[in-house]
Amino acid sequence: LLHGAGGDENAWSELGRATQIMDNLIATGKAKPMIVIMPNGNPNCQAAPGEWSFGMYTPSFMGNTGPKTPAAASMEESFMDIVKYVDSHYKTIKNREGRAVCGLSMGGGHTFNISRLYPNDFNNYGLFSAGLHLGKNINLKDPSIYNQMKADKVFQEQMKKLFNSNPKLYWIAIGNTDFLYKANADLRKFLDENHYPYEYMETDGGHIWRNWRIYLATFAQKLFK
C-alpha cells in the first residue's frame, strides 16, 4: 500500500486511516485477513522525518527527499527487495495469487510501473488517482501521455505481457475533478483500444484523502476471493 509524493511510510496509517479501514472490513467479513505493508516510497530515505539518522527534514516532491544523495535505484527497480523481505519475515503466500499492490498519486504511478516490470509477481493492481509516467517524462500534467503510450514500443510490449498473464484485477479509480483525470482517461483509452480488461471507479472531488480512503475500502474488498 503505497503513499503519494511528499508522504512517507506513515501517511496511510496517520492520514489515510488504513488501520481502521482494514480492521473494520476484516471484522465485518467484507475483506479477507491480509498483511498490509506500507513502505517508504522515497528511494533515498530510510524512514519518515525524525525517524532515522538523517533527523528532521522537509519532505519534497516525487521522492527526492532527505539528503542530497542520489538513490541507487528507483522505487520500482528496488520493489522486489521489499517483497523478498516480507516473504522472509512473515507467513505469506509466496506467489502472485497471494499478492496485491496499490497506491495513491505517486504510489499509483509506482503501482503502474511495477505492473509493467513484474507482470508475473502480483495478481491485483490498484491505481488510486495515479500519477502516470513511462519513466521518461515525469511531468504529470503532460497532455501527451496517450501519445507517449502509442509511440513507446517497449511500453506496449510490457502491457501486452502483463495482460497476457491474466492478472485477476487491474483497478483504476479517480475523482472527476482530479488534476490527473486526463492522464488516467488516456490510460483507459489505451486499455480499451487493446481490449485489456480493467475495472474503473469514478468519484466526486479531486486529489484528496477522502477519495483515497474510499478507494482503499473498495479495493480491499475485491482481493483474494
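In which hand does helix 2 pass helix 8? The crossing is right-handed, a term used when the near helix is turned clockwise from the far one by less than a right angle (left-handed if anticlockwise).

The model is predicted: local features need pLDDT of at least 70 and side-chain atom pairs count only at pLDDT 80 or more, while totals for chains, interfaces and linings use all residues. Residues are numbered from 1 along each chain as its sequence is written, and side-chain values use heavy atoms, with hydrogens and water left out.

**View 1. Overall fold of the protein.** The protein has eight helices and four strands, taken as DSSP runs numbered from the N terminus (helices H or I, at least four residues; strands E, at least two). Along the sequence they follow the pattern α-α-α-β-α-β-α-α-β-α-β-α. Of the 225 residues, 50% count as buried (under 20% relative accessible area; exposed is over 50%, partly exposed in between; 1.4 Å probe, protein chains only).

**View 2. Helix 2 against helix 8.** The axes of helix 2 (residues 18-27) and helix 8 come within 10 Å and cross at roughly 30°; axes are lines fitted to C-alpha atoms over the stretch in contact, with angles from 0 to 180 degrees between N-to-C directions. Helix 2 is therefore roughly parallel to helix 8 (angles under 35 degrees; over 145 is roughly antiparallel, 65 to 115 roughly perpendicular, the rest oblique). Helix 2 contributes Ala18, Ile21, Met22 and Leu25 to the contact, and helix 8 contributes Arg213, Leu216, Ala217 and Ala220; contact means heavy atoms within 4.5 Å. Seven of these residues are nonpolar, none is polar and one is charged (nonpolar: Ala, Val, Leu, Ile, Met, Phe, Trp, Tyr, Cys and Pro; charged: Asp, Glu, Lys and Arg; polar: the others, Gly among them).

**View 3. Asparagine 211 in helix 8.** Asparagine 211 is found in helix 8 (residues 209-220). Asparagine 211 counts as buried because its relative accessibility is 1%. Leaving aside neighbours within four places in sequence, asparagine 211 is in contact with Gly175, Thr203, Asp204, Gly205 and Gly206.

**View 4. The largest nonpolar core.** A nonpolar core is a set of buried Ala, Val, Leu, Ile, Met, Phe, Trp, Tyr and Cys residues joined through side-chain atoms within 4.5 Å. Of the 28 residues in the largest one, Phe79, Phe112, Phe122, Met159, Tyr170, Leu187 and Leu191 touch the most other members. Another core, of 21 residues, lies apart from it and includes Met22, Ala31, Phe128 and Trp212.
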